[in-house]
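Please keep the sequence and the model in view while reading.

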Amino acid sequence: MNAFSSLEKMLDPTRPCFTAETAANIVQIEPDAAKTARMEELAAKANEGRLARDEESEYWSCIYAGKMMSILKLQARLFLKRQAA
């Protein structure tokens, strides 16, 4: 089991850990423009095979953080959809 599987299980929509307010706030989170630009820069270098070792670590950290935020936002949206039903 990896960290993402664990996160998905912890945020199981049948056992919500959200309130309507926290879920709505999570859905509204947007990435910082400077961080997005840095991620695009790292992605371009990665595609060209030009990442330094420390940049590679930073790049993968960004990818993992993005995946975790995607899972969190998806779970928050599911929670809000169920609350509205």
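## Aromatic pairs

Rings of Phe, Tyr and Trp (its six-membered ring) are taken to pair if their centres lie within 6.5 Å, and planes under 30 degrees apart count as stacked, those over 60 as edge-to-face and the rest as tilted. By this rule the count comes to 3 aromatic pairs. In one of them, the rings of tyrosine 59 and tryptophan 60 have centres 5.8 Å apart and planes at 70°, so the pair is edge-to-face. Tryptophan 60 also pairs with tyrosine 64, where the ring centres are 5.9 Å apart and the planes lie at 40°, so this pair is tilted.

For accessibility, buried means under 20% relative accessible area, exposed over 50%, and partly exposed in between (1.4 Å probe, protein chains only). On that scale tyrosine 59 is buried at 13%, whereas tryptophan 60 is partly exposed at 38% and tyrosine 64 is partly exposed at 42%.

## Basis of the model

The model is predicted, so local features need pLDDT of at least 70 and side-chain atom pairs count only at pLDDT 80 or more, while totals for chains, interfaces and linings use all residues. Residues are numbered from 1 along each chain as its sequence is written, and side-chain values use heavy atoms, with hydrogens and water left out.

## Salt bridges

The structure holds 5 salt bridges, each being a side-chain nitrogen of Lys or Arg within 4 Å of a carboxyl oxygen of Asp or Glu. One of these joins arginine 38 to glutamate 41, with an N to O distance of 2.9 Å; the two residues lie 3 apart in helix 3 (residues 33–47), and so are separated by about one helical turn. Arginine 38 is partly exposed at 24% relative accessibility, and glutamate 41 is partly exposed at 41%.

Arginine 38 also meets glutamate 55 in a salt bridge of 3.9 Å, N to O. This pair links distant parts of the chain, with arginine 38 in helix 3 and glutamate 55 in helix 4 (residues 53–84), 17 residues apart. Glutamate 55 is buried, with a relative accessible area of 11%. A network of salt bridges links Arg38, Glu41, Lys45, Glu55 and Glu58. Glutamate 48, which is exposed at 51%, forms a salt bridge with arginine 50, their closest N and O atoms being 2.5 Å apart.

Methods
Helix = DSSP H or I, 4+ residues; strand = E, 2+ residues; numbered from the N terminus.
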